[in-house]
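Here's a quick tour for anyone meeting this structure for the first time. Have a look at it, then read on.

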Amino acid sequence: MASNKKYWKSVEELKGSSIVETMNKNEFVEAISTDQFLGDKETLENSSTSRRDFLKYVGFTTAAASLAACEGPVRKSIPYVVQPNDVIAGVPDWYATSMADGYDFANVLVKTREGRPIQIMPNKEANGTTSARVQASVLSLYDEKLRIKEPTKNKEVIGWNQAEDEIKNSLTDFKDTNKSVVLLTGTMASPSTAKIVEDFIAVYPNAKHVIYDAVSESAAADAMLAMHGKRTLPNYHLNNAKTIVSFGADFLGDFHGGLEKGYINGRKPATGHMSYHVQFESNMSLTGANSDKRVVVKPSDQVFALLNLYNAVTGENVLSKATPVDAIVKKMAFELKKAGSKGVVLTGLNDKNAQLIALSINKAIGSEIIDTVNTLNIRQGNDTAVAQLVSDMKAGTIAGLVSYNVNPIYSLANSSDFSEGLKKVTLKVALSTENNETVDAMDYALPTPHFLESWGDTQFDQITYGLMQPTIQPLFNTRQAQDILLNLSGSSVNYYDYLKGFAAENILNGASWNKALHNGFFKRDVVEEVAQENVEMAPVSMNAVASALMGSVKSSGFELNLYTKIGLGDGKQANNPWLQEFPDPITRTSWDNYLTMSMADAKELGFENPVQDNGAINGDYAKLSINGKEVVVPVMVQPGQAKGSVGLALGFGRTFGLKEEMQVGVNAYALYMNANNIQYGVKVEKVDGTHRFACTQVQKTIAGRHDILKVASLKEYNTVAPKDHDNGWNKPSYVSYDHKEVEANTIDLWDEHNREMGHHFNLSIDLTSCTGCGACVVACHAENNVPVVGKDEVRVGRDMHWLRIDRYYSSEVETREDAKELGLGIAATYEGLETEAENPEVTFQPMMCQHCNHAPCETVCPVAATTHGRQGQNQMTYNRCVGTRYCANNCPYRVRRFNWFRYADNNEFDFNMNNQYGKMVLNPDVVVRSRGVMEKCSMCIQLTQATILKAKKEGRAVNTDEFETACSSACTTGALVFGDINNKEDQVTALVEDKRAYNVLDYLQTKPNVIYQVKIRNTNEA
Amino acid sequence: MKSVALHSKLIKILLKSLAIILFFGFSFSSQSQDLDETKQKEGRKLFKSLCASCHKLDKKLVGPMLGGIEERRENSWLLAWIKNNAALRASGDRDAIAVYEEYNGSAMSAFPQLSDQQINDILYYTTVGDPVKKVVAGAPVAGGVGTDGGGSPKWILYLLAGAIVVAFLMIAGLLKQVNELKGKAKPEVQSNLKRDLHELWEGLKANTFLQVLATLFVLLMGAYVAFGTIFKVGINEGYSPLQPIAFSHKIHSGENKIECQYCHSSAKHSKHSGIPSVNVCMNCHMNIAEVAEGTVVEWDGITYGKEELDKEIAKVYVAAGWDPENLVYTGDTQPIKWIRLHNLPDFAYFNHSQHVKVGGLECQKCHGPVEEMDEMYQYSPLTMGWCIDCHRETKVDLKGNEYYEKIHKELAEKYDVEQVTIAQLGGLECGKCHY
């Protein structure tokens, strides 16, 4: 039962740390230093500043300030010479385009103001989704630090024509002498570029195209090739799934991407259809956190369990080994067989044999969830080819290397081999958007535009053909890689014309180019054609596969599971401050990667994460060693980590060319040997030193309060009355009034206002649909000019996120009071809890200003800077705020953020608001706040106002579902729904009345305009 | 065309030189005895409305220069050409084809609606030119305007100067007295004064009521002055910085009656009214390279005449990259750096389209009599109080706007009024303008 659970946010809290206790009570962790100063009589007396001096300073500064304010600055206003037809200053334009940076692929809409892209949203017509990284990529466009601005040769600026001519000459030489040339790119998933590369190779038959993905899915593609005859990734239609079994596949995080929408569509309790998802994993991943049942298994056991599942499903008896979770595996085999075509098995092990086993199980149950016809093109990297390239380079048989937007020197485990081999290459050309280690080692560095400045096409799956169009004039002297390749191939046509011709000839089938470009995509009608390609392959010997797989497992020492974070991914956008400050959904840590370790192992090896009295968390360092490779990383104790396994995120530890603040974490690619995300035989040793984390997991705790979260099982949802006095899973709080127990919402401190006139905005947050991915957090950053504060400030709880996603762990152990009743001491209670904490349930809860109709913050503001609007928004007037912070202290939800500093134009905070390029991303409709004022979620009042104004200008009522906030637009799974509850047709109106709807801390009677929907888990009870 | 045909050559020469003399600004007794003013006036009117967009009297524009065209062409040819030049060309007239080719095949419109009489009036006008006005003729050189227009300010200046002199004299007198008090003057006067002052001081010291009164007076005065000064900080009413081009709203909006939103076209779409891009200027100024004779603009305290103003128009050509000699765009553009006049602080959100399109306000409501301003200035204080006052008082006509139908009905009922004010609609909520 939900009410019997204890919800906790950190290991320290579980241990009952007194500091965490204190922090629960106080909004601001640190007392203001003036209090300290004034309270201490001795210091005060010894101070050299006398009262007279103080008054003098005050007088002088006041006078100086008012004098300075007398003369306003002269502002220029420079109109266009010829105004473009589409641009009206002050009115945003939206363009449909596609993102494809080699790691992230998405159909998106780009909001531009006066020709500057300022925000990216999913192109919902194209079924597009966005993640935190896609949202943040608009800021990477303006990265003046990392982007290459001019073509250079040996670090000297060179003309484009000269560079291209020289390269062309060398290539021709190599062709004549028949020396090898390699074109090394990431996955481009672009049909027209593939054709250009093909043409290039036709001109230079000595050239070869090698595709390299930093984070490889090579094994899955190879398995597909062996089984289904084509080297792509399978797609999964999880919306129809009944049973999902995943072995370490973080498909809601970074595995393939874009699966969360289908997954959540298959989990809507109201429709009666809810898939049963069991996750076998060692690291606590986003997917595991969302699963119905999370089975903690270390990687080697995952392999055996997968084989056991295969045996149990097929009845065969391939080589395997017993695991501690075999009972569950048997049960899952039964479930899968029961689900039949509606069942599916996924695995995230980058091992061809493991992938083959998973494909075979899917085949055995006749799964229709896995789609091997309309497959995904987004990871085409080939580990074997890359390994071959490195050895060829070392052997000196490669004469020319042209790289495009890859950084092997950073992201290869054997990068020293690569560097060494590179020295033997005669012609070294890097086509790259950003400057990095690899570009630095090349002779020619030719800048290519960011995807927001480029033409292009993308084909993520076999049906959706996406188009890419520039949304801004190129910021730097760049030239598209396609144009360069066309030129090198001796073609005089430019890429735009080429693309148009290509699309007309091969894709559009007579449809309008302009329309496809306007929509940003074109749905191809080619499924059958692909189906014919899908020839059956010769059967693969499963026994051989199993024994090979068994052979790959070495069970000695720790097992390391390398993973990518949903924030930084493979590290392409490591210089993006929004992503660095974005807290990891699970650990709530930003600006770092770390070794995740189970509580049991940590205890054994002596690792701890003590909370400091300022709310910050520290960590000990561990030395990891595998086969002589050593890395020193801080340790984060992670509930739910499999004992005997550790996890470490890739994508951190980049240094070259990055701003100093962004050079955080350690480079885990050094351990990513053979591109395998599982490494066996790892030694972990404690070494000296204390690491300072920027972790918010103990901060902003909604203190000592119950009924923050409500979770129920599908069975309860279907059978128990939600408001039932005793067993209800969504019952109201009760309070004592006149010595009688009454429902809390019947008594009120405030007078009721009439809210039926005009609009009344509500935001509904479905905890069942929220995967915790955090796209909304970055969308909020972009929309509302939320400043980045940096690692040190986040560490002490001064992050400025208006929208945070609280992550709660819960265990089926009763509350502390219950423990007392059972006669357990605190220590004993927590020991009991700790075993449970080996595998806690995880729930995410997006938390922002609740826009209370009876807002506690409004009553305490001495200057009426925070007031209530008739439309339900709690309005924060920055220019009125004097910074008393009473409101934050009185806010039970801890959602108010104080500007401790001026974050714009301040060298101390050298992020995007401190340079001319980074400022171009700011939303001109929202003010950049100054120091000393409180800020918080405004429910995107600038967007609701804009929607209303549009309707007014057109003389019509606002259309149903026209109102949006940044977070609700960005939400892929539809967990966040925003609208006007005075419009009966609006989607949100029904949600407010839903039986799952509840308010957080409803007994306080704050009557929030943000409502939550109880999280439903399918515990698969009969 | 009889009268013109009858003109002697002498008169023609005289008229020409008259034009030249006018051009250099010499006043001249202009009324030619033979001038047919009715014809001239009629011809001028027609010329301005039909021909001026492509032709000028004294220089080439889109079409040829027309001054003295009668000397160069036969009257019958001109009549035929003006009525329908295409037909004339089709008939194989060599001259007509030559003209057509000289102007790169850009065809002139046909004017079949014009009678012979009207065409002859136009031609008469092209020969005699603009009527000469005595007053204006003398203006640019003699500076006579000053006596009329600028007279009264100067008069005030003299008065002020006089006042200052008097005040100065008085201060000098006082200083002298002080000096005398300090002991340079006669002793008995000194003791008298000293005694008087002393007595006054003693009296004041003794009288508490007077003390309180004096203190109160000083405090109140101080507060009044301080309050007034401080509350004026940052309010730029009347702000009128020197713009890079002497652009006169009075000429454009006032005299030529150009609609405000012709140039400030985004006011109805956007939060910004928009400063017109140079291509909007060029819509008209492609054909208007000069101001009319006698145009004056008061600019930064200086009177700009035709000569100066034509140079200002030339600045637009520089910005647009327009070569007025060869009538082509060079592509070498230079955006105009206007100085922004109305500066709201960043934390205040204002939307023009809300007021102009939805509210239906006249621009003048906030920007004042722009059509009378040579040099634009900030008319309204743009303070929050000023906004709020208007929101409190204004009852907006919301008829016909479906958006407001329901809410207006409900609110009108609630407040028991016929028409609700902006404030009652929620226009006073902080968050409506501050976010």
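This is a predicted model: local features need pLDDT of at least 70, side-chain atom pairs count only at pLDDT 80 or more; totals for chains, interfaces and linings use all residues.

What follows is a short briefing, grouped by topic.

Residues are numbered from 1 along each chain as its sequence is written, while chains are lettered from A and ligands numbered from 1 in the order in which they are written. Helices (H or I, at least four residues) and strands (E, at least two) are DSSP runs, numbered from the N terminus.

**Where the chains meet**

- Chain A puts 41 residues into the contact and chain B puts in 45; two residues are in contact if their C-beta atoms, placed from the backbone, lie within 7 Å.
- On the side of chain A that touches chain B, helix 5 (51-70), strand 2 (76-77) and helix 33 (941-954) of chain A each give two or more residues.
- Helix 33 of chain A gives the most to that side, with six residues.
- Sorted by class, the side of chain A that touches chain B has 19 nonpolar, 15 polar and seven charged residues. Ala, Val, Leu, Ile, Met, Phe, Trp, Tyr, Cys and Pro count as nonpolar, Asp, Glu, Lys and Arg as charged, and the others, Gly among them, as polar.
- Strand 2 of chain A also runs antiparallel to strand 5 (residues 338-339) of chain B, joined to it by two bridges; DSSP has to find at least two bridges for strands to pair.
- A:Ser77 sits opposite B:Trp338 of strand 5 of chain B.

**Helices side by side**

- Two packed helices are described by the angle between their axes and the distance between the axes. Axes are lines fitted to C-alpha atoms, for helices over the stretch in contact, and angles run from 0 to 180 degrees between N-to-C directions.
- In chain A, helix 7 (residues 160-177) packs against helix 19 (residues 481-488) at about 50°, with the axes 10 Å apart. That angle makes helix 7 of chain A oblique to helix 19 of chain A (under 35 degrees is roughly parallel, over 145 roughly antiparallel, 65 to 115 roughly perpendicular and the rest oblique).
- A:Glu164, A:Ile167, A:Lys168 and A:Leu171 of helix 7 of chain A make this contact with A:Ile484, A:Asn487 and A:Leu488 of helix 19 of chain A.
- In chain B, helix 16 (residues 278-285) and helix 17 (residues 306-320) pack at about 125°, with their axes 10 Å apart, and are therefore oblique to each other.
- The contact of helix 16 of chain B with helix 17 of chain B has seven nonpolar, two polar and no charged residues.

- Strand 36 of chain A pairs with strand 35 (residues 804-811) of chain A in the antiparallel sense, over seven bridges.
- A:Glu841 in strand 36 of chain A is the bridge partner of A:Ser810.

**Two residues with positive phi**

- A:Asp905 is not a glycine, yet has a positive phi of about 50°. A:Asp905 is exposed, with 11 other C-beta atoms within 10 Å.
- B:Asp416 isn't a glycine either, and has a positive phi of about 55°. B:Asp416 lies in the loop between helix 21 (402-415) and helix 22 (423-427) of chain B.

Key: A residue is buried if 20 or more other C-beta atoms lie within 10 Å of its own, exposed if 12 or fewer, and partly exposed in between; C-beta atoms are placed from the backbone.
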